[in-house]
Amino acid sequence: MADDDPQPAKKPTAAPQAPDDIRDTVEKTPRTPEGRLVIDYNEDEFKKRFKRDSAHAPGAWATDKNFVRGVGNTLKGFKFGAFEEDWSTELTGPICDTTRHVTADGRTAVLLQERENKADEDDKKKDDKGKGKSKKSKKGKDKKDKDSEADAKDEYSCTQLAFIDLNTGKKLWQVKLPDAKGAFAPNTNVTMARGTVAVAWGYGSVAYDMKRGRQLWSSLGTGECRDLGFAGGRDLLALTQCGDGAEPQFKVQKLRPRTGKAEWTYKVTRGVGRVYLVSSDPAVLAVSAGELTVTNLITLDDHGDYRATINMPEDRFLDNCYKPVVSGVESCDAIVVGKDQLFVATDEGRLADNWIVSYDLKTGKTVRKFDSKPDLPIHPLRVSGGKLLAFRPSSDGFAPAAVLSLDPRTGKETPFLLFGMPDRGKLEDPKQSEILLEDGRIFFAPRELTAENGGPWEGTALGALGFEGA
């Protein structure tokens with residue numbers, strides 16, 4: 001638009017999306033930055049239910065209608081401001097893995113452990129007992145022990161894929177992965193892209209149509225190469241490992257979601273020990289020259305050609321890529337990628353103060369530095385409408401928690417949402433909690449639920465908190 005055009009400039013808005021598109025929203029500034037509590041979910045009688053003090057809790061999502069939390073083998077939906085669950089959906093087994101991606105109309109996929117029908121198993125035992133056996137051989141006993149061991153392994157394999165409507169809790173379809181031997185957490189990975197749900201488990205991969213759960217394509221990894229995992233969103237990337245484990249050759253491919261055919265292939269330099277898929281579009285990889293810690297970020301262009309390398313000095317930046325109990329492929333939630341830049345925060349646990357640094361995706365050079373305030377670290381959450389939205393924790397009554405809007409062009413900082421955080425656990429730590437920002441609301445969901453010991457919350461675990469503008 002020309003400078004002398006009499007019509008006002010339009011504010012950034014999201015392009016209309018089809019229901020099967022992966023949600024790509026633009027945040028609207030709240031009417032007032034003063035926030036109020038709208039989600040306060042506690043798992044009552046936690047110890048009684050789980051028979052232990054803590055439990056892994058994968059899965060937290062938000063739509064414009066509600067907040068959803070995954071705990072054990074249950075999904076729970078909460079309407080804003082009601083402070084009690086709106087619906088609860090019991091799944092056929094504990095949740096193994098989830099994807100952060102949600103469709104434009106509020107659906108997502110969860111991967112579940114295989115659990116046999118206990119009633120059928122009991123009937124089978126009764127039948128076997130009724131048949132009677134005159135003699136027990138050692139050979140028969142050994143076979144029975146092996147069968148029992150195999151059944152136990154099958155029970156805990158992550159071979160069930162369910163597709164869920166997050167607005168209602170309705171399970172739309174569920175399928176069993178084909179020939180999914182070795183599908184155990186944390187080697188499993190589920191993601192979504194353009195009408196497709198894709199799953200990989202290290203020894204194979206498969207993709208399904210979102211509408212009916214119809215299988216689209218699969219790869220059983222019987223050759224020299226096997227799919228380790230996928231990154232979804234606007235595009236679908238596959239991380240593939242070829243060769244033996246001693247000297248693996250990693251390669252990244254952009255796939256057509258509906259056919260699984262590769263559009264381009266990028267081979268990662270040999271000697272890399274681990275690869276994470278940070279973003280599918282723009283394509284960004286995180287690589288480790290050692291075992292776990294990310295040492296470099298690699299950016300690729302639209303054709304899969306190398307663009308730039310960004311160095312990540314050891315223990316200086318927070319990447320959150322390695323998580324021992326969930327998929328280690330599409331897991332770098334502390335690195336935020338925009339259209340032209342990516343954003344990472346220094347780790348305040350090892351530095352006196354922290355800051356966010358932005359890098360140019362084309363050159364890998366530093367563009368801007370956003371400083372924090374003393375004892376008030378900041379962490380990037382997402383890019384929306386050309387601005388970086390970042391979270392700043394509270395500080396012992398001195399300052400409220402805040403979502404800040406940071407302008408990469410000017411460096412200007414604007415308050416987006418201000419709110420008071422209850423002093424319960426370490427919800428504000430991105431290493432220990434999922435922090436979501438959607439539709440003007442922010443949510444905190446601990447990655448592991450832990451029962452309180454003593455006090456009014458004895459035996460209760462804090463499941464999630466959420467805030468919105470007043």
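Student: Which residue stands opposite A200 in β13?

Tutor: This is a predicted model, and in it A200 stands opposite S205 in β13. The two strands involved are β12, covering residues 196–200, and β13, covering residues 205–209, and they pair in the antiparallel sense over five bridges.

Student: What sheet do β12 and β13 sit in, and in what order do the strands come?

Tutor: They belong to an open sheet of four strands, ordered β11-β12-β13-β14, in which the pairing is antiparallel. The edge strands are β11 (189–193) and β14 (215–219), each of which pairs on one side only. From one strand to the next, the twist averages 15°.

Student: And what holds strands of a sheet together in general?

Tutor: Strands of a sheet pair through backbone hydrogen bonds, and they can do so in a parallel or an antiparallel way.

Student: How many bridges join β21 to β22?

Tutor: Five bridges join β21, which spans residues 296–300, to β22, and the two run antiparallel. As an example of residues facing each other across this pair, I298 stands opposite T309 in β22.

Student: Changing topic: how many disulfides are there?

Tutor: The count comes to three disulfides. If you number the bonded cysteines of the protein in sequence order, the pairing reads 1-2, 3-4, 5-6.

Student: What does C96 bond to, and where are the two partners in the chain?

Tutor: C96 is joined to C158 by a disulfide, with an S to S distance of 2.1 Å. This pair links distant parts of the chain, as C96 is in strand β7 (residues 95–98) while C158 is in the loop between α3 (138–156) and β9 (160–165), and the two are 62 residues apart. The angle about the S-S bond is -80°, and the link of C96 and C158 is left-handed.

Student: Are C96 and C158 buried or exposed?

Tutor: Both C96 and C158 are buried.

Student: What about C225, which cysteine is it joined to?

Tutor: A disulfide joins C225 to C242, and the S to S distance there is 1.9 Å. C225 lies in strand β15 (residues 225–231) and C242 in strand β16 (residues 236–242), so the bond ties together parts that are 17 residues apart in sequence. The torsion about the S-S bond of C225 and C242 is about 110°, so this disulfide is right-handed.

Student: Which cysteine does C321 pair with?

Tutor: C321 is joined to C332 by a disulfide, with 2.0 Å from S to S. The torsion about their S-S bond is about 120°, so this disulfide is right-handed. Both C321 and C332 are buried.

Student: Where are C321 and C332?

Tutor: C321 is in the loop between β23 and β24, C332 is in the loop between β23 and β24, and they are 11 residues apart.

Student: How many bridges join β25 to β26?

Tutor: Five bridges join β25 to β26 (residues 355–360), and these strands run antiparallel. In this pair, F343 stands opposite S358 in β26.

Student: Which residues of β25 are on each side, and are they buried or exposed?

Tutor: Q341, F343 and A345 are on one side, and L342, V344 and T346 are on the other, and all of these are buried, which leaves both faces of β25 covered.

How values were computed
Residues are numbered from 1 along each chain as its sequence is written. This is a predicted model: local features need pLDDT of at least 70, side-chain atom pairs count only at pLDDT 80 or more; totals for chains, interfaces and linings use all residues. Side-chain values use heavy atoms; hydrogens and water are left out. Buried means under 20% relative accessible area, exposed over 50%, partly exposed in between (1.4 Å probe, protein chains only). Two strands pair if DSSP finds at least two bridges between them. A disulfide is a pair of cysteine sulfur atoms within 2.5 Å. Axes are lines fitted to C-alpha atoms, for helices over the stretch in contact, and angles run from 0 to 180 degrees between N-to-C directions.
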